[in-house]
Amino acid sequence: MTNNIHNLARITNDVVIAGGGLAGLFCALKLAPRPVTLISAAPLGQGASSAWAQGGIAAAVADGDTPEAHVADTIAVGGGLVDEAIALGIAREAAPRIHDLLAYGVPFDRDLEGRLAVGREAAHSARRIVHVRGDGAGAAIIAALSETVRRTPSIRLIEGLVAEALLTEDGAVTGLQLREAGNAAAPPVLLAARAVVLATGGIGHLYAATTNPIEASGSGLAIAARAGAVIADPEFVQFHPTAIMVGRDPAPLATEALRGEGATLIDGHGERFMLARHPLAELAPRDIVARGVFAEIAAGRGAFLDARQALGARFAEKFPTVHASCIAAGIDPATQAIPIAPAAHYHMGGIAVDARGRSSIDGLWAGGEVSSTGAHGANRLASNSLLEAVVYAARIADDIAGRAVPSPARLADAAVTPRAGEPDASAVKRLRATMSAHVGVIRDGDGLAEAVRSFAALEREATGIVVRNMATTALLVAAAAWRRHESRGAHFRIDHPSDLPALRQRTMTTLAAAREVAEGLGERPLARIGQPMIA
């Protein structure tokens, strides 16, 4: 059921979920009939990265495939940082979660014999991607779950509010501070809660080029970090190699499944360039393909996705979402190559959580892209994110269901931030440009140091909470990238191009540690800074 903002004041013991994407919706449904308040910044289905997912869900459901084979592929692209036990647990829970989604009305594609149809994507050794109408899995899943949520009486849905601060006392959650999305002058809304699930999505809009919706600005990670939560692996940001470059923000996505069907990557002269870079060519891990595309563009040759021979006239039927994006931009992908560039797509880092989705703050769980479980390591395997989201959403629901959540105390007035402050558009533009220039596909120490100093200053000086939260997350990403003096997975430093065995460990850090990095960089000349260590 949907309620307005004023009804929040009467809530005393609900579980509160912030985020209307796949993890948030699935967790709310799994908690039913327990009362849940679901907070969504945008109308359901409109502000979630998961709704835009074109690939599908990776699941070992086909004959001859196994969870162990799925995990082997996950580990192979994870840069040595995948938590094998976590990844195996997720892979083994794939089939029951797929059946849950079917029960909620998701119309997964089936073959002529009625079995789930599976496709192939980059770095998978088998066809194991469950799709909906080729490239519409995310939208179909979110549509089905949104409809189910709206008709579930135990779920109180509040749309149009964004979580801007996590309230804690003595290391435990006491509530959330919310505000009307896009209205800095609106009064804050305080919601007392002892059980909060953050499912607020990723950080793509911290970059100038991204495939993510505008809501993916890192706010959930920031509010947890500002409350003292441990943050894991923030330096590892995956850039999708084939964002369609037609001047739109966010950039439309050309799904990896196109390359799985035989589409190739060519330069402006029509020559394939991935053949010389990796044995798997276009189906190499995303970080390698993204750097290949980036290099072609930097060299002035341009980069294009060519599906003319592989799909041709079948393009519109097989990939209607991509086809529509191309046609809207004046490109006919059946007869023309599609201009592409890497764009920020998925964050492997996030709020550090255990196998049950618990964070380091008592009463705070996190699921979906805002969390970091260890399943992806330094580089996510294609279509593993939606699987992780539903598996952890179910685990979080089970964990909360087994706990007695105490009634929240009255929140102190001192917790209120009276005004949000109008977002500074020029500051946001500078932040996004700095992230793309210095914390992007290819990085180096001097650029990262400049970024760290810039974001630390912005976090201190920002008068608006939206910009401050963006700067907080940007600082965490840049500081961790500066401290990791190697290249691993999606983190590539031109000044440290090799991986180091001594740094084959996940990053566990805090906002306080990131601020210490900034203070050190501000105090000492760059040339005299010693070797860092991973926090």
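Biologist: Why is Arg115 called partly exposed?

Modeller: Arg115 has a relative accessible area of 44% in this predicted model. Buried means under 20% and exposed means over 50%. The value for Arg115 falls in between, so the residue is partly exposed.

Biologist: And what makes Glu113 exposed?

Modeller: Its relative accessible area is 60%. That is over 50%, so Glu113 counts as exposed.

Biologist: How do you know that Glu113 and Arg115 form a salt bridge?

Modeller: The N to O distance between their side chains is 2.8 Å. The cut-off for a salt bridge is 4 Å, and 2.8 Å is within it, so the pair qualifies. Side chains of opposite charge can pair when their charged atoms come close.

Biologist: How many salt bridges does the structure hold?

Modeller: It holds 30. Some are linked in a network made of Lys30, Glu93, Arg97, Asp100 and Arg395.

Biologist: What makes Asp399 and Arg358 a salt bridge?

Modeller: Their closest N and O atoms are 2.6 Å apart, which is within 4 Å, so the pair meets the definition. Asp399 belongs to helix H11 (residues 384–401), while Arg358 sits in the loop between strand E16 (350–352) and strand E17 (364–366). The bridge therefore ties together parts that lie 41 residues apart in sequence.

Biologist: Are these two residues buried or partly exposed?

Modeller: Asp399 has a relative accessible area of 10%, under 20%, so it is buried. Arg358 is at 23%, between 20% and 50%, so it counts as partly exposed.

Biologist: Why are Glu486 and Arg484 called buried?

Modeller: Glu486 has a relative accessible area of 0%, and Arg484 also has 0%. Both values are under 20%, so both residues are buried. They too form a salt bridge, with the closest N and O atoms 2.6 Å apart.

Biologist: Which residues gather in a patch of positive charge on the surface?

Modeller: Arg120, Arg127, Arg314 and Lys318 do. Lys318 lies in helix H9 (residues 315–318).

Biologist: Why does Lys318 count as partly exposed?

Modeller: Its relative accessibility is 32%. That lies between 20% and 50%, so Lys318 is partly exposed.

Conventions:
Residues numbered from 1 in each chain as written. Predicted model: local features only at pLDDT ≥ 70, side-chain atom pairs only at ≥ 80, totals over all residues. Heavy atoms only, no water. Patch = residues over 30% accessible without salt bridge, like charges linked within 9 Å, V, L, I, M, F, W, Y side chains within 5 Å. Areas by Shrake-Rupley, 256 points an atom, 1.4 Å probe, with all protein chains shown as cover. Lys, Arg positive; Asp, Glu negative; His and termini not counted. Charge placed at Lys NZ, Arg CZ, Asp CG, Glu CD. Helix = DSSP H or I, 4+ residues; strand = E, 2+ residues; numbered from the N terminus. Buried < 20%, exposed > 50% of the residue type's maximum accessible area, 1.4 Å probe, protein only.
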